[in-house]
Amino acid sequence: MSRPGFLLSPWPWRSVAYLASGAVTGAAALLLIVIAAAAGGILTLVLVGLPLLAATALSGIPLAWAERRRLRLIDLDPVPDPYRTPAAHGLWGRLTTRLRERATWRELGFTLLFAGLLWPVDALVIAVALFSPLSMAVTPLLMATVGDGREAKVLKQWTVTTWPAAFGVAVLGLVLMGLCAYVLGVAAGARAELTRLLIASREGDLGARVVELARSRVRLVDAFEAERRRIERDLHDGAQQRLVALTMTLGLARLDVSPGPLADQLAKAHDEAGQALAELRELIHGIHPKVLADYGLEAAVADAADRSPVPVDVGLELPGRLPQAVESAAYFVVCEALANIARHSGANRAEVTGGHRDGRLFLVVRDDGRGGADTTAGSGLTGLADRVSVLDGRLSLSSPPGGPTVLRVEFPCVPSEPRDQREPTGRSA
């Protein structure tokens, strides 16, 4: 309605259609209720009892179904069906399921409110905001046809006897029609919002949004891990191989050149290429290590412990391969924790333990350092917590001054591949 072209768009007429159809539907619903009450009476209530109550409760379902379709006239956001699939087949199963649902009774209350109050409001808005200015706009036509050119009634209240006055009333009616188009839009929007509030399943809609959010988050995590693996593969098979070939070429060139300035330059270039190759390998290992993809979390954690400047004891007992996203997140949590230990803790030794039980992966990283870890001091713990929470995991830290520091992580997961018949990995580095 805030756009300049609202009056020339279909929305005013869609608002009219929504309110007019609401008046007709409400009048029909009221008529059916009156007929049913007159036909049933007290005797029917005594004889029929529960079946009549069930029929009354279910009477709101067809009207609510029609209202959800009618909302599409002015509300582009569809209203979901609040009903679940009956657990039992047959008429009795459907009946008992519907009577136990809150949506059935909520729609019954909406039907009574609609038949008793809402449709007269719709009719009143149509009469005041549409027919009143429209009857003013056709005053000259009424004066020419009904009044024989001598007079015409305006809104059954005032008499117009001259043509200038008739055309003036017509112009005023056209102006009022433009203004009333906004009134109709506001009334239809408020009416639709009230209907959505009364018949829409807020719990079901929220639950559907939460489920979709969780699914989209899992899809994003999977896509992110797939992209990491693709980057690692491209670097490993492309840039790294070219650097290896360059290093070998420079090494052979050094052998073919006699001592002198050129040999010194080749030696320097060979060393630089070797350093670049080492840095690239470290970068590839940080993106997604090949040992993690090929051998799983146990081998990857043992490899990270071997590369740690602080001696690390590793004791993991896992039933097999875990989902890729969980393995990747757990590995990088361990790597970040070991990096923090090496940089900030002053520890002499660290320990990584864990296992899988009750459908959850548990990891504990412990060190004998000075403690006092602060999540706001740029230690990367906030990023670790965010990475864990994406997979519905939990991270907790205990780091009193003086130590020890204990980082606990758990992920809900189910093993994707069974473990080979071998002893659990346990080693010291």
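Two strands pair if DSSP finds at least two bridges between them; helices (H or I, at least four residues) and strands (E, at least two) are DSSP runs, numbered from the N terminus. The model is predicted, so local features need pLDDT of at least 70 and side-chain atom pairs pLDDT 80 or more, while totals for chains, interfaces and linings use all residues. Residues are numbered from 1 along each chain as its sequence is written, and side-chain values use heavy atoms, leaving out hydrogens and water.

Let's begin with strand 5 (residues 350-357), which runs parallel to strand 3 (residues 312-317) and is joined to it by six bridges. Here D313 has E351 of strand 5 as its bridge partner. Strand 5 also pairs with strand 6 (residues 360-367), this time in the antiparallel sense, over eight bridges. Across that pairing, G354 stands opposite L363 in strand 6. Two residues lie between strand 5 and strand 6 in this hairpin, and D358 in the turn has a positive phi of about 55°.

Now for the helices. The expected span of a helix is 1.5 Å times one less than its number of residues. Helix 7 (residues 163-199) has 37 residues and should therefore span 54 Å, which agrees with the 51 Å between its end C-alpha atoms. Helix 12 (residues 324-345), with 22 residues, reaches 30 Å from first C-alpha to last, close to the expected 32 Å. Just after helix 12 comes G346, with a positive phi of about 70°.
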